[in-house]
Amino acid sequence: MTSRMTSRMTSRMTSRMTSRMTKILYGKTLALNMREEIAREVDKIKIVGFRSPYLVAVLVGNNTICKNKRLSKCWFTS
């Protein structure tokens, strides 16, 4: 086999593999589906009697720049 034939075979194999592995993601649709799924899960948690989950930021270390940023973004600080 010549190198020319090998490169043709390789490019054909690569294009076949890529076409099988490629999946187009639509961000807005995906985000909407994720939000709906999360809302259903949160509703289940509330029905059981627990509070809604919320986001928490944990500051590790003593970096004043991070501390100031956290303080400016949070409405409640401890």
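Okay, let's start with the charges: the structure holds 1 salt bridge, a term for a side-chain nitrogen of Lys or Arg within 4 Å of a carboxyl oxygen of Asp or Glu. The partners are glutamate 41 and lysine 44, whose side chains meet at 3.6 Å, N to O. They sit 3 residues apart in helix H2, so about one helical turn separates them. An α-helix has 3.6 residues a turn, so residues three or four places apart point the same way. Glutamate 41 counts as partly exposed because its relative accessibility is 41%; the cut-offs are under 20% for buried, over 50% for exposed and partly exposed in between, with a 1.4 Å probe and protein chains only.

A word on what you're looking at. This is a predicted model, where local features need pLDDT of at least 70, side-chain atom pairs count only at pLDDT 80 or more, and totals for chains, interfaces and linings use all residues. Residues are numbered from 1 along each chain as its sequence is written, and side-chain values use heavy atoms, leaving out hydrogens and water.

Now the overall layout. The protein has 3 helices and 0 strands, taken as DSSP runs numbered from the N terminus (helices H or I, at least four residues; strands E, at least two). Of its 78 residues, 1% are buried.

Back to H2. It has 22 residues and reaches 32 Å from first C-alpha to last, close to the 32 Å expected at 1.5 Å a residue, where the expected span is 1.5 Å times one less than the number of residues. After H2 comes glycine 49, with a positive phi near 120 degrees.

Confidence is lowest in helix H1 (residues 3-21), at a mean of 60, and highest in H2, at 94. Where pLDDT is low, the predicted coordinates should not be read in detail.

Key. pLDDT = per-residue confidence, 0-100.
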